[in-house]
Amino acid sequence: MATSSPPVYVCRELVKRRLAATEGVAAGFELRVPRLKIHAGEVIVLRGQSGCGKSTLLDLLALALRPDTAETFSFRPEHREPTDLLRLWSRGDLNALGRLRGERLGYVLQTGGLLPFLTARENIALACRLLGRNPGGQIERLAERLGITAQLDKRPGQLSVGERQRVAIARAMAHRPGVILADEPTASVDPVTAVAIRELLLELVQKSGMTAIIATHDWMPEATLSGVQVLEHRIERDGALTRSLFWN
Ligand SMILES: Nc1ncnc2c1ncn2[C@@H]1O[C@H](COP(=O)(O)OP(=O)(O)O)[C@@H](O)[C@H]1O
Ligand SMILES: [Mg+2]
């Protein structure tokens, strides 16, 4: 763990609310991150029950969801100067946010999120194509590591759920982003396949030195797994408001 270099993410008092409109009374859901630092190469697990805000936090870290307020919210992918995300959001600079997201992040969704009309190979190549990059042998390399070489020319509808998730992992990694976000990537596959896919995801992430943030409602990583950190989490009830806090 390279904790001496400046963090990839720094959050202080980051807040996102999903409020119901009820006559001046705060009701609904509030995600709060009092403090969070994620360093390059760390694997972070967001663990908590359904509805506790895991996807909301991932979407904030994916630069896909605008925070309501924050003291600090910065992102520093790969040896660059930290980017003040609050400034980009308040300026409405969606181009800069989209560029950072497209180049620096890979996102694995719970049910894959693959495009049904593209083959596995075309899905995996998509981010590279959008960035105008040649994936070189990267697709074949990832496919081999993930055991999906024989599936590359099939469409998602012709694949099992587990194969689709492997393709989704390859797709998130093919453009070599520094950060991988994964939203319950094994929630929809059977338990045996889930263990195999988790191990592959962790192995790929840790061998390549990527930073990973993985949401799960059931998986507790083995304490022996080095470099894996489960975020602290607490739920507070405040009248009709449910506040969910994540921090480290
Ligand atoms: N787009 C949205 N609009 C309003 N409320 C939302 C929206 N997305 C999520 N929520 C609410 O925010 C809370 C957290 O949801 P979510 O982040 O999806 O939790 P998790 O991923 O842990 O299941 C839930 O109460 C959910 O109903
Ligand atoms: Mg979720």
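How many bridges join strand E6 to strand E7, and which way do the two strands run? Four bridges join E6 (residues 105–108) to E7 (residues 179–183), and the two strands run parallel. This pairing belongs to a predicted model, and the legends below describe it together with several other close-up views.

**View 1. Strand E6 and its pairing with strand E7.** Along E6, the residues Leu 105 and Tyr 107 point one way, while Gly 106 and Val 108 point the other way, and all of them are buried. One of the pairings with E7 can be followed at Val 108, whose bridge partner in that strand is Ala 182.

**View 2. The open sheet of five strands.** The strands of this sheet follow one another in the order E6-E7-E8-E3-E9, and their pairing is parallel. Strands E6 and E9 (228–230) stand at the edges, where each has a single partner strand, so one side of each is left without a neighbour in the sheet. Direction ignored, neighbouring strands of this sheet are turned against each other by 15 degrees on average. As a general point for reading such a view, strands of a sheet pair through backbone hydrogen bonds, either parallel or antiparallel.

**View 3. Strands E3 and E8 with the helices that pack on the sheet.** Strand E3 (residues 43–47) is joined to strand E8 (residues 211–216) by five bridges, and these strands run parallel. Within this pair, Leu 46 stands opposite Ala 215 in E8. Helix H7 (residues 191–208) packs on the sheet, where it touches E3, E7 and E8, and the direction of H7 makes about 145 degrees with that of E3. Helix H1 lies across E3, E7 and E8 as well, running at about 160 degrees to E8.

View 4. Ligand 1 is surrounded by Arg 18, Phe 29, Gly 48, Ser 50, Gly 51, Cys 52, Gly 53, Lys 54, Ser 55 and Thr 56. Sorted by class, this shell has two nonpolar, six polar and two charged residues. Its largest share, three residues, comes from helix H1 (residues 54–61). H1 is itself mostly covered, since six of its eight residues are buried, namely Lys 54, Thr 56, Leu 57, Leu 58, Leu 60 and Leu 61.

**View 5. The packing of helices H5 and H6.** Helix H5 (residues 138–146) and helix H6 (residues 161–173) pack at an angle of about 145 degrees, with their axes 10 Å apart, and their crossing is right-handed. In this contact, Leu 142, Ala 143 and Leu 146 of H5 meet Arg 166, Ile 169, Ala 170 and Met 173 of H6. The residues of the contact divide into six nonpolar, no polar and one charged.

Technical notes: Residues numbered from 1 in each chain as written. Chains lettered and ligands numbered in written order. Predicted model: local features only at pLDDT ≥ 70, side-chain atom pairs only at ≥ 80, totals over all residues. Near = placed C-beta within 6 Å. Nonpolar A, V, L, I, M, F, W, Y, C, P; charged D, E, K, R; others polar. Buried ≥ 20, exposed ≤ 12 C-beta atoms within 10 Å, placed from the backbone. Pairing = 2+ DSSP bridges. Axes fitted to C-alpha atoms, helices over the stretch in contact; angles between N-to-C directions. Left-handed = near helix turned anticlockwise from the far one by under 90°. Contact = placed C-beta atoms within 7 Å.
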